[in-house]
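Please open the structure in a viewer and keep the selection panel at hand.

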Amino acid sequence: MARRGISEKAHFSGIAPHPTIGPCWRWLWGLLAAWILLHLAAPASAQTLQAPVRIALQAAPQVLVTDIRQRAVVQWDAKQGRALRVIPIEGKPVGVAWAWGLIFVGNDSRGVVEAYTPGGHLLYTLGEAGQVGRPSDIAIDSNAGLVFVSDAKRPRVLVYSRKGKLLRTLPAAGEQPLYQPTGLAVDPQRGEVLVSDFGQNAWPMQSWLRIYDYDGYYLDGISGDASQTYGFSRPEGLAVNGQGRIFLADSLRSQVLVFDRDLLQGVALLGEPGTQAGQLLLPLDLAIDARTHDLYIANYRHGTVEVFAGAGVQP
(Lines give C-alpha, C1' and ligand atoms only; values in the text may rest on other atoms or scores of the structure.)
Protein backbone atom coordinates (compact mmCIF):
# COMPACT_ATOMS: atom_id res chain seq x y z
CA MET A 1 0.00 0.00 0.00
CA ALA A 2 1.35 3.39 -0.92
CA ARG A 3 2.61 5.46 1.97
CA ARG A 4 0.82 8.71 2.52
CA GLY A 5 2.27 12.07 3.32
CA ILE A 6 1.85 15.82 3.45
CA SER A 7 3.37 18.31 1.02
CA GLU A 8 3.71 22.06 1.37
CA LYS A 9 0.79 24.14 0.20
CA ALA A 10 1.00 25.41 -3.33
CA HIS A 11 -0.08 28.95 -4.13
CA PHE A 12 -2.48 29.67 -6.95
CA SER A 13 -2.97 33.40 -6.41
CA GLY A 14 -2.36 33.92 -10.12
CA ILE A 15 -5.58 32.10 -11.09
CA ALA A 16 -8.29 34.58 -11.99
CA PRO A 17 -11.30 34.43 -14.34
CA HIS A 18 -11.28 36.47 -17.51
CA PRO A 19 -13.30 39.72 -17.05
CA THR A 20 -15.70 38.81 -19.88
CA ILE A 21 -16.71 35.45 -18.36
CA GLY A 22 -20.34 35.36 -17.20
CA PRO A 23 -21.58 34.48 -13.70
CA CYS A 24 -22.13 30.80 -14.55
CA TRP A 25 -18.61 30.40 -15.92
CA ARG A 26 -17.25 32.36 -12.98
CA TRP A 27 -18.87 29.78 -10.70
CA LEU A 28 -17.38 26.91 -12.71
CA TRP A 29 -13.97 28.59 -12.71
CA GLY A 30 -14.16 28.99 -8.94
CA LEU A 31 -15.10 25.34 -8.60
CA LEU A 32 -12.12 24.33 -10.74
CA ALA A 33 -9.77 26.52 -8.68
CA ALA A 34 -11.15 24.98 -5.48
CA TRP A 35 -10.57 21.48 -6.88
CA ILE A 36 -6.96 22.37 -7.74
CA LEU A 37 -6.37 23.77 -4.26
CA LEU A 38 -7.98 20.72 -2.67
CA HIS A 39 -5.96 18.16 -4.65
CA LEU A 40 -2.65 19.93 -5.11
CA ALA A 41 -2.29 22.28 -2.18
CA ALA A 42 -3.90 20.23 0.56
CA PRO A 43 -2.13 17.26 2.15
CA ALA A 44 -0.92 15.10 -0.73
CA SER A 45 -2.35 11.62 -0.24
CA ALA A 46 0.05 10.02 -2.72
CA GLN A 47 3.25 11.70 -1.55
CA THR A 48 5.97 9.09 -1.05
CA LEU A 49 9.71 8.84 -1.31
CA GLN A 50 10.85 7.85 -4.77
CA ALA A 51 14.65 7.93 -4.86
CA PRO A 52 16.10 8.63 -1.39
CA VAL A 53 19.82 9.34 -1.53
CA ARG A 54 21.05 11.04 1.64
CA ILE A 55 19.45 11.46 5.04
CA ALA A 56 19.99 13.65 8.08
CA LEU A 57 18.41 13.18 11.48
CA GLN A 58 16.33 16.20 12.39
CA ALA A 59 14.20 15.27 15.42
CA ALA A 60 13.75 11.51 15.63
CA PRO A 61 11.83 9.87 14.11
CA GLN A 62 11.83 12.76 11.64
CA VAL A 63 14.61 12.73 9.07
CA LEU A 64 15.47 14.94 6.12
CA VAL A 65 15.82 13.01 2.87
CA THR A 66 17.13 14.18 -0.50
CA ASP A 67 15.03 12.66 -3.27
CA ILE A 68 16.75 13.12 -6.62
CA ARG A 69 13.75 11.97 -8.64
CA GLN A 70 11.43 14.50 -7.04
CA ARG A 71 14.23 17.11 -6.89
CA ALA A 72 13.25 17.87 -3.34
CA VAL A 73 14.17 17.53 0.31
CA VAL A 74 11.49 15.54 2.09
CA GLN A 75 10.86 15.81 5.81
CA TRP A 76 9.99 12.19 6.52
CA ASP A 77 8.45 10.50 9.53
CA ALA A 78 10.37 7.23 9.46
CA LYS A 79 8.20 5.52 12.04
CA GLN A 80 4.89 6.28 10.31
CA GLY A 81 6.33 6.11 6.80
CA ARG A 82 4.89 9.40 5.55
CA ALA A 83 6.05 12.79 4.34
CA LEU A 84 5.48 15.77 6.60
CA ARG A 85 6.82 18.44 4.27
CA VAL A 86 8.31 18.62 0.79
CA ILE A 87 10.81 21.35 -0.07
CA PRO A 88 11.38 21.70 -3.83
CA ILE A 89 14.98 22.32 -4.87
CA GLU A 90 15.88 24.12 -8.10
CA GLY A 91 18.40 21.55 -9.20
CA LYS A 92 19.49 18.06 -8.19
CA PRO A 93 19.74 17.69 -4.40
CA VAL A 94 22.27 15.14 -3.14
CA GLY A 95 23.92 15.72 0.23
CA VAL A 96 21.87 16.97 3.18
CA ALA A 97 22.55 17.97 6.79
CA TRP A 98 20.73 19.62 9.69
CA ALA A 99 22.40 22.06 12.08
CA TRP A 100 21.75 25.41 13.77
CA GLY A 101 18.08 25.20 12.80
CA LEU A 102 18.95 25.14 9.08
CA ILE A 103 18.83 22.57 6.28
CA PHE A 104 22.02 22.32 4.23
CA VAL A 105 21.61 20.85 0.76
CA GLY A 106 24.26 19.89 -1.77
CA ASN A 107 22.90 21.08 -5.12
CA ASP A 108 24.60 19.01 -7.81
CA SER A 109 23.18 21.11 -10.63
CA ARG A 110 24.69 24.33 -9.27
CA GLY A 111 27.80 22.85 -7.70
CA VAL A 112 27.17 24.48 -4.34
CA VAL A 113 25.78 23.87 -0.86
CA GLU A 114 22.64 25.86 -0.04
CA ALA A 115 21.27 26.75 3.40
CA TYR A 116 17.47 26.72 3.82
CA THR A 117 15.07 27.52 6.62
CA PRO A 118 12.89 24.60 7.79
CA GLY A 119 10.09 26.14 5.73
CA GLY A 120 12.15 25.94 2.53
CA HIS A 121 13.36 29.52 2.15
CA LEU A 122 16.84 29.77 0.65
CA LEU A 123 18.99 31.95 2.92
CA TYR A 124 22.51 31.72 1.51
CA THR A 125 25.04 29.49 -0.18
CA LEU A 126 28.34 28.17 1.09
CA GLY A 127 30.99 29.49 -1.24
CA GLU A 128 30.25 30.29 -4.86
CA ALA A 129 28.28 28.38 -7.47
CA GLY A 130 30.48 25.78 -9.17
CA GLN A 131 32.94 25.63 -6.27
CA VAL A 132 31.95 22.03 -5.55
CA GLY A 133 32.09 19.70 -8.54
CA ARG A 134 29.59 17.23 -7.09
CA PRO A 135 28.46 17.77 -3.46
CA SER A 136 27.76 14.11 -2.75
CA ASP A 137 27.53 14.35 1.05
CA ILE A 138 27.61 16.82 3.93
CA ALA A 139 28.70 16.36 7.55
CA ILE A 140 28.68 19.02 10.26
CA ASP A 141 30.44 19.55 13.58
CA SER A 142 28.00 22.02 15.08
CA ASN A 143 30.10 22.78 18.15
CA ALA A 144 33.15 23.63 16.05
CA GLY A 145 31.04 25.54 13.51
CA LEU A 146 32.40 23.51 10.60
CA VAL A 147 30.64 22.16 7.50
CA PHE A 148 32.39 19.37 5.58
CA VAL A 149 31.40 18.68 1.97
CA SER A 150 32.46 15.66 -0.07
CA ASP A 151 33.26 16.53 -3.69
CA ALA A 152 32.97 13.40 -5.82
CA LYS A 153 34.03 15.12 -9.05
CA ARG A 154 37.17 16.91 -7.85
CA PRO A 155 38.21 14.33 -5.30
CA ARG A 156 38.43 16.29 -2.07
CA VAL A 157 36.54 17.43 1.00
CA LEU A 158 35.81 21.14 1.38
CA VAL A 159 35.62 22.67 4.85
CA TYR A 160 33.40 25.74 5.34
CA SER A 161 32.46 27.94 8.25
CA ARG A 162 28.78 27.87 9.16
CA LYS A 163 28.35 31.18 7.30
CA GLY A 164 29.84 29.81 4.10
CA LYS A 165 33.48 30.85 4.07
CA LEU A 166 35.79 28.25 2.54
CA LEU A 167 38.45 27.51 5.15
CA ARG A 168 40.46 24.68 3.58
CA THR A 169 40.27 21.47 1.59
CA LEU A 170 41.19 17.91 2.53
CA PRO A 171 43.45 16.00 2.17
CA ALA A 172 46.33 18.29 3.09
CA ALA A 173 49.18 18.62 0.60
CA GLY A 174 51.22 15.44 0.31
CA GLU A 175 48.73 13.31 2.25
CA GLN A 176 46.89 10.18 1.08
CA PRO A 177 44.73 11.30 -1.86
CA LEU A 178 41.08 10.59 -2.47
CA TYR A 179 39.91 9.18 -5.79
CA GLN A 180 36.11 8.95 -5.83
CA PRO A 181 34.82 10.18 -2.45
CA THR A 182 31.15 9.53 -1.80
CA GLY A 183 29.87 9.27 1.78
CA LEU A 184 31.07 11.45 4.65
CA ALA A 185 30.89 11.56 8.43
CA VAL A 186 32.64 13.42 11.23
CA ASP A 187 33.50 12.25 14.73
CA PRO A 188 33.59 15.41 16.86
CA GLN A 189 34.94 13.55 19.89
CA ARG A 190 38.02 12.43 18.00
CA GLY A 191 38.22 15.35 15.60
CA GLU A 192 38.14 12.99 12.63
CA VAL A 193 36.68 13.08 9.13
CA LEU A 194 35.64 9.74 7.62
CA VAL A 195 35.32 9.41 3.86
CA SER A 196 34.10 6.47 1.78
CA ASP A 197 36.06 6.22 -1.45
CA PHE A 198 35.30 4.06 -4.50
CA GLY A 199 39.02 4.12 -5.30
CA GLN A 200 40.79 4.33 -8.64
CA ASN A 201 39.25 3.26 -11.92
CA ALA A 202 41.82 0.53 -12.41
CA TRP A 203 41.72 -3.23 -12.14
CA PRO A 204 41.54 -4.62 -9.56
CA MET A 205 39.28 -1.86 -8.19
CA GLN A 206 39.96 -1.20 -4.54
CA SER A 207 37.55 0.83 -2.43
CA TRP A 208 38.49 2.40 0.88
CA LEU A 209 37.28 3.98 4.07
CA ARG A 210 39.70 6.87 4.70
CA ILE A 211 40.14 8.70 8.01
CA TYR A 212 41.70 12.18 8.31
CA ASP A 213 41.95 14.74 11.05
CA TYR A 214 40.22 18.11 10.66
CA ASP A 215 43.34 19.61 9.08
CA GLY A 216 43.46 16.92 6.40
CA TYR A 217 46.28 14.76 7.70
CA TYR A 218 45.81 11.07 7.03
CA LEU A 219 45.28 8.89 10.10
CA ASP A 220 43.99 5.44 9.10
CA GLY A 221 42.20 3.48 6.43
CA ILE A 222 40.21 0.29 5.91
CA SER A 223 40.55 -1.55 2.63
CA GLY A 224 37.35 -2.85 1.08
CA ASP A 225 38.49 -6.29 -0.02
CA ALA A 226 35.16 -7.70 -1.22
CA SER A 227 36.38 -11.28 -0.78
CA GLN A 228 36.55 -10.87 3.00
CA THR A 229 33.72 -11.25 5.52
CA TYR A 230 33.64 -7.52 6.16
CA GLY A 231 34.72 -6.51 2.69
CA PHE A 232 32.97 -3.81 0.67
CA SER A 233 33.12 -2.60 -2.91
CA ARG A 234 30.73 0.36 -3.25
CA PRO A 235 30.89 2.21 0.07
CA GLU A 236 28.40 5.04 0.49
CA GLY A 237 26.93 6.56 3.64
CA LEU A 238 28.83 6.61 6.93
CA ALA A 239 27.92 7.17 10.57
CA VAL A 240 29.67 6.96 13.94
CA ASN A 241 28.05 6.22 17.28
CA GLY A 242 30.49 7.99 19.58
CA GLN A 243 31.44 4.67 21.14
CA GLY A 244 34.22 3.61 18.80
CA ARG A 245 32.04 2.08 16.09
CA ILE A 246 31.93 3.08 12.42
CA PHE A 247 28.86 2.20 10.32
CA LEU A 248 29.24 1.93 6.54
CA ALA A 249 26.53 1.30 3.92
CA ASP A 250 27.75 -0.85 1.02
CA SER A 251 25.35 -0.12 -1.83
CA LEU A 252 26.39 -3.15 -3.90
CA ARG A 253 26.41 -5.64 -1.03
CA SER A 254 23.16 -4.11 0.27
CA GLN A 255 24.24 -4.38 3.88
CA VAL A 256 25.55 -2.17 6.66
CA LEU A 257 29.02 -3.04 7.93
CA VAL A 258 30.19 -2.10 11.41
CA PHE A 259 33.88 -1.58 12.22
CA ASP A 260 35.87 -1.05 15.40
CA ARG A 261 37.60 2.32 15.01
CA ASP A 262 40.69 1.45 17.02
CA LEU A 263 41.24 -2.08 15.70
CA LEU A 264 40.06 -1.20 12.15
CA GLN A 265 38.28 -4.54 12.04
CA GLY A 266 34.74 -5.57 11.22
CA VAL A 267 32.50 -6.51 14.15
CA ALA A 268 28.99 -6.86 12.70
CA LEU A 269 26.88 -7.08 9.55
CA LEU A 270 23.42 -5.50 9.65
CA GLY A 271 20.48 -6.16 7.35
CA GLU A 272 20.15 -8.49 4.43
CA PRO A 273 19.73 -7.84 0.71
CA GLY A 274 16.36 -8.44 -0.85
CA THR A 275 13.10 -7.04 -2.13
CA GLN A 276 10.96 -7.76 0.91
CA ALA A 277 9.93 -5.16 3.48
CA GLY A 278 12.77 -4.47 5.89
CA GLN A 279 15.42 -5.84 3.53
CA LEU A 280 17.99 -3.57 1.88
CA LEU A 281 18.46 -2.86 -1.79
CA LEU A 282 21.04 -0.21 -2.68
CA PRO A 283 21.31 1.50 0.72
CA LEU A 284 22.95 4.90 0.29
CA ASP A 285 23.10 6.64 3.65
CA LEU A 286 22.93 6.23 7.41
CA ALA A 287 22.06 8.21 10.52
CA ILE A 288 22.11 7.23 14.19
CA ASP A 289 19.90 8.66 16.92
CA ALA A 290 22.23 9.22 19.86
CA ARG A 291 19.33 8.99 22.33
CA THR A 292 17.57 5.79 21.20
CA HIS A 293 20.50 4.32 19.24
CA ASP A 294 18.13 3.63 16.33
CA LEU A 295 19.85 3.27 12.96
CA TYR A 296 18.18 5.02 10.00
CA ILE A 297 19.00 3.79 6.48
CA ALA A 298 18.18 5.43 3.14
CA ASN A 299 16.96 2.38 1.21
CA TYR A 300 17.14 3.65 -2.37
CA ARG A 301 15.53 0.87 -4.40
CA HIS A 302 12.73 0.40 -1.89
CA GLY A 303 12.05 4.14 -1.88
CA THR A 304 11.95 4.40 1.90
CA VAL A 305 13.90 4.91 5.09
CA GLU A 306 14.41 1.80 7.21
CA VAL A 307 14.70 1.98 10.99
CA PHE A 308 16.75 -0.70 12.77
CA ALA A 309 15.77 -0.22 16.40
CA GLY A 310 18.75 -0.02 18.76
CA ALA A 311 21.21 -1.10 16.06
CA GLY A 312 23.38 1.96 16.61
CA VAL A 313 24.99 0.18 19.56
CA GLN A 314 27.18 -2.78 18.68
CA PRO A 315 29.47 -4.88 20.92
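Predicted model: local features only at pLDDT ≥ 70, side-chain atom pairs only at ≥ 80, totals over all residues.

Residues are numbered from 1 along each chain as its sequence is written, and side-chain values use heavy atoms, without hydrogens and water.

**The largest pocket.** Select Leu57, Ile140, Val186, Val240 and Ile288, the closest to the centre of this pocket among its 34 lining residues. The volume of the largest pocket is about 990 Å³. Strand β9 gives the largest share of its lining, five residues.

**The second largest pocket.** Next, select Arg54, Arg134, Ser136, Thr182 and Glu236, which lie nearest the centre of the second largest pocket, out of 16 lining residues. This pocket holds about 390 Å³ of space.

**Serine 136.** Now centre the view on serine 136, in strand β9 (residues 135–141). Is serine 136 buried or exposed? Serine 136 counts as buried because its relative accessibility is 7%, and buried means under 20% relative accessible area (1.4 Å probe, protein chains only). A polar atom of its side chain lies 2.9 Å from the backbone oxygen of threonine 182.

**The largest cavity.** Finally, select Asp187, Arg190, Leu194 and Arg261, which are among the residues lining the largest cavity. Its volume is about 40 Å³. A search of the whole structure finds one cavity of 30 Å³ or more.

**Terms.** On a 1 Å grid over the protein atoms alone, a cavity is a set of points where a 1.4 Å probe fits but cannot get out, and a pocket is an open set with protein on both sides within 12 Å along at least five of seven lines; lining residues have an atom within 4 Å of a point. Grid points are joined across faces, edges and corners, and a volume is the space filled by probe spheres set on the points. Strands (E, at least two residues) are DSSP runs, numbered from the N terminus.

Notes. Helix = DSSP H or I, 4+ residues; strand = E, 2+ residues; numbered from the N terminus. Buried < 20%, exposed > 50% of the residue type's maximum accessible area, 1.4 Å probe, protein only. Polar contact = N/O pair within 3.5 Å; in protein donor to acceptor, adjacent residues only side chain to side chain.
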